[in-house]
Amino acid sequence: MAEMKNLAKQTAIYGVSSILGRFLNWCLAPMYTYVLANSAEYGIYTNVYAWVALLLVLLTYGMETGFFRYVNKTDQDPVNVYSSVLLCVGLSSVIFASVATALSPAVAGALNYGAHGDYVAIMCITVAIDAFCCIPMAYLRYKNRSVKFAMVNLVMIFVNIFFNVFFLIICPWLNKVAPATVSWFFDPNYSVGYIFVANLISTLSKVVMLSPELRVAHFHIDVPLLKKVLSYSLPLLILGVAGIMNQTLDKIIFPFLYVSDVHTWTEAKAQLGIYGACFKVAMVMMMFTQAFRYAYEPFVFAQNKNSSDKKQQYADAMKFFVIFSLLIFLGMVFYLDVLKHVIQRNYWEGLKVVPIILVSYVFQGIYFNLSLWYKLTDKTYFGAVFSIIGLCITVAINVAFVPVIGYWASAGASLVCFFVIMLTSYFLGQKYYPIDYDLKTIGLYFFLAMGMFAVSKFSPCEGVLKYLQNTVMFIAYLALVFKRDLPLRAIPFVGRFVRK
């Protein structure tokens, strides 16, 4: 139980920074929907950041997980592992940034961004720096310095928010009332480009904050060690690329699939903007999944080093992940009429896909938890196989149905993709690294949550009665959790005030 409490503590700290940080970034969504000229510009923002997510995986090429794997080996010097991985990722990032900047005008033309090669150049430099910073951030996680990890992320996010507000709200206002104060650097027509500029500035601030961790590294690469790390990590690159494409490919290829004789590029970007804005609404689930991941991966490898039998802790972690992710799902779908106000009214037509996106996030989180079996058995190639299977599903459904039903196909593809690879990973995992997951409890909560959602969806209640009905069901779900699987006395701090 002590291990689970430590995991809960780490998840809470990482969660504060991840959830608060992503929430603050999430708050930028309504600003973008109101400030940007139209949903087509929001579509450009959605498309660029989908590419960024893919590039970040390419530029880290599984080295984060490789670092955790080898830094926890008793026969390795942690600083030596850290230095070798850091320098390798740093060198590849510099090469990428240089080449991408040179080719940015051609890339912008291929993406139909017109003459805005600067969009591509700025974001390629930003993602290269971010990839480099992933390793010192992983080092903080290894050292259990969760507070600094949280502070670095939060400060970077505050810098990003400040410059977004500065460029998109303050500067346009000053340009009207006192143009001489900003006319020397501000272009009122640059619009979405300032989002990318703000991101670059915030990423540079991250480098400054991580300078103490950068000084820890020795400027020497242990080539034999690096070969071992790369041998372990490169299969994860295939896994990571296919995995992130399962999440972002729809936003990358959507404009190309949607545009036709009857749909222009502007309309395609506008539909992508609506879909991207509604994805923002569903990001609460991703916040929880990411916070759990930050604490869970170091926990898995550290526990595996200390003991050969930690399977019960892994099973418990899975159960509680499902319980609380479904709690978030219910909170989102029950009060979506309130949450929808985070985006502008013109985007509300896409809100019907939010429940589908949320369930796909649940499956994605379960799949991540299941992935420990092939990481601990060094069979990382299975992760690549699963991701390729998912990618094939994602591509097939998007290509077949986006031209017909638009972003509904993209949301459905994500759901089917993660459901299939989740089941495939589970059954193979039980063969190579069997864990007695509490399927009875997991199934109970899943079908209960889906049943409650169905009741809410098809109930004739409206207005206040609808909210009352949903609140009663939400409390009932919580009561079952506390009664059956998480007694209040077992919760840190709260348990002090609860008697048996």
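**Close-up 1. Lys148 and Glu213 form a salt bridge in this predicted model**. The closest N and O atoms of the pair are 2.8 Å apart.

**Close-up 2. Arg145 joins Lys148 and Glu213 in a network of salt bridges**. The side chains of Arg145 and Glu213 meet at 2.9 Å, N to O. Arg145 sits in the loop between α6 and α7 (146-177), and Glu213 in helix α9 (residues 211-216), 68 residues away. Arg145 is partly exposed, at 38% relative accessible area.

**Close-up 3. Glu64 pairs with Arg141 in a salt bridge**. Their closest N and O atoms are 3.2 Å apart. Glu64 is part of helix α4 (residues 63-71) and Arg141 of helix α6 (residues 117-142), so the pair ties together parts 77 residues apart in sequence. Glu64 counts as buried at 16% relative accessibility, as does Arg141 at 1%.

**Close-up 4. The second largest pocket has a volume of about 680 Å³**. Its lining comprises 24 residues, with Val333, Leu336, Asp337, Pro355 and Lys457 nearest the centre. Elements giving two or more residues to this lining are α13 (311-334), α14 (336-339), α15 (354-370), α19 (439-458) and α20 (463-484). By class, 14 lining residues are nonpolar, three polar and seven charged.

**Close-up 5. Leu91, Ile95, Val99, Leu103 and Val107 make a nonpolar surface patch**. The patch covers about 440 Å². Leu91 lies in helix α5 (residues 78-110) and is exposed, with a relative accessible area of 55%.

Note on methods: Residues numbered from 1 in each chain as written. Predicted model: local features only at pLDDT ≥ 70, side-chain atom pairs only at ≥ 80, totals over all residues. Heavy atoms only, no water. Patch = residues over 30% accessible without salt bridge, like charges linked within 9 Å, V, L, I, M, F, W, Y side chains within 5 Å. Areas by Shrake-Rupley, 256 points an atom, 1.4 Å probe, with all protein chains shown as cover. Salt bridge = Lys/Arg side-chain N within 4 Å of Asp/Glu carboxyl O. Helix = DSSP H or I, 4+ residues; strand = E, 2+ residues; numbered from the N terminus. Buried < 20%, exposed > 50% of the residue type's maximum accessible area, 1.4 Å probe, protein only. 1 Å grid on protein atoms, 1.4 Å probe; cavity = no way out; pocket = protein on both sides within 12 Å on 5 of 7 lines; lining within 4 Å. Points joined across faces, edges and corners; volume = space filled by probe spheres on them. Nonpolar A, V, L, I, M, F, W, Y, C, P; charged D, E, K, R; others polar.
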